[in-house]
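This report describes one protein chain, part by part. Please look at the sequence and the model before reading on.

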Amino acid sequence: IEVDSVVISGDGLVGKVSQAGEGWAKVVSIIDDGSSVSFVVARDRDLLGVVSGNVQGSINGYMLDGDATIAEGDIIITSGMGTYPEGLEIGNIKSITYNSDTLLKEITVEPAVDFKSLKKVSVIL
């Protein structure tokens with residue numbers, strides 16, 4: 001296991017390894033306030049955005065196109081840009097609001113992974 005290895009569970013993306021040593025590793029989860037992930041909407045991979053964790057342990061983000069046609073319940077997956085490989089489930093969109101100051105659609109996401117009962121993970125090198 002090495003730094004920046006991707007961590008997943010059977011349900012979806014957990015996060016990435018931030019530190020590793022002989023027989024141990026620290027993982028930064030996607031609900032951490034220092035984490036951000038680029039994503040696409042599973043039903044239309046032309047719809048791109050970014051989500052980040054926050055101090056409440058949830059995931060919020062925005063669509064890069066303010067006119068993107070998204071709906072509550074849409075599943076979002078990793079885009080393949082950056083650290084994470086393409087196609088890992090992040091979660092589904094719980095709510096959508098339009099921010100007239102930034103002209104972007106902001107989203108709240110229900111993570112695919114239940115972080116409160118997470119017991120086993122896999123690491124992708």
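S29 sits in strand β3, where strands are DSSP runs of E with at least two residues, helices are runs of H or I with at least four residues, and both are numbered from the N terminus. This is a predicted model, in which local features need pLDDT of at least 70, side-chain atom pairs count only at pLDDT 80 or more, and totals for chains, interfaces and linings use all residues. Residues are numbered from 1 along each chain as its sequence is written, and side-chain values use heavy atoms, with hydrogens and water left out.

With a relative accessible area of 17%, S29 is buried; buried means under 20% relative accessible area, exposed means over 50%, and partly exposed lies in between (1.4 Å probe, protein chains only). Apart from neighbours within four places in sequence, S29 is in contact (heavy atoms within 4.5 Å) with V14, G15, S35 and F115. S35 belongs to the loop between β3 (24-29) and β4. S35 is also buried, at 6% relative accessibility. Leaving aside neighbours within four places in sequence, the contacts of S35 are V28, S29, I30, V51, S52, G53 and Y84.

## The chain as a whole

The protein chain has ten strands and zero helices. Read along the sequence, the pattern is β-β-β-β-β-β-β-β-β-β. The radius of gyration, taken over C-alpha atoms, is 14 Å, close to the 14 Å that the globule rule gives for 125 residues, so the chain is as compact as a globular protein of that length. The globule rule is 2.2 Å times the number of residues to the power 0.38. Along its principal axes, the C-alpha trace spans about 50 × 25 × 25 Å.

Of the 125 residues in the protein chain, 37% are buried. The accessible surface comes to about 7,000 Å², and 47% of this surface belongs to carbon and sulfur atoms. Accessible areas come from the Shrake-Rupley method with a 1.4 Å probe; for residues, only the protein chains shown count as cover. Among contacts between residues at least 6 apart in sequence, 45% join residues at least 24 apart.

## The nonpolar core

In soluble globular proteins, nonpolar side chains tend to be buried together. A nonpolar core is a set of buried Ala, Val, Leu, Ile, Met, Phe, Trp, Tyr and Cys residues joined through side-chain atoms within 4.5 Å. Here the largest such core has 21 residues, and those with the most contacts inside it are L13, F39, V51, I70, I76 and I90. At least two residues of this core are supplied by each of β1, β4 (36-41), β5 (44-53), β6 (59-63), β8 (89-99) and β9 (104-111). The largest share, three residues, comes from β4.

Which residues does V51 touch, not counting those up to four places away in sequence? V51 touches S35, S36, V37, F39, I59, N60, G61, I76, I90, I107 and V109.

## Salt bridges

Side chains of opposite charge can pair when their charged atoms come close. A salt bridge is a side-chain nitrogen of Lys or Arg within 4 Å of a carboxyl oxygen of Asp or Glu, and the count comes to four. One of them joins the side chains of R43 and D74 (2.9 Å, N to O). R43 lies in the loop between β4 and β5 and D74 in the loop between β6 and β7 (75-78), so this pair ties together parts that are 31 residues apart in sequence. D74 is buried, with a relative accessible area of 9%.

E86 and R45 also meet in a salt bridge through their side chains (3.2 Å, N to O). Because E86 lies in the loop between β7 and β8 and R45 in strand β5, the pair ties together parts that are 41 residues apart in sequence. E86 is exposed, at a relative accessible area of 52%, and R45 is partly exposed, at 46%. Another salt bridge joins E110 and K94, with the closest N and O atoms 3.6 Å apart. This pair links distant parts of the chain, with E110 in strand β9 and K94 in strand β8, 16 residues apart. Both count as partly exposed, E110 at 36% relative accessibility and K94 at 43%.

## A nonpolar surface patch

I1, V123 and L125 form a nonpolar patch on the surface, with about 320 Å² of accessible area together. Patches are made of residues with over 30% relative accessible area and no salt bridge; like charges are joined within 9 Å, and nonpolar side chains (Val, Leu, Ile, Met, Phe, Trp, Tyr) within 5 Å. I1 is placed in the segment before β1 (6-8). The relative accessible area of I1 is 60%, and I1 is exposed.
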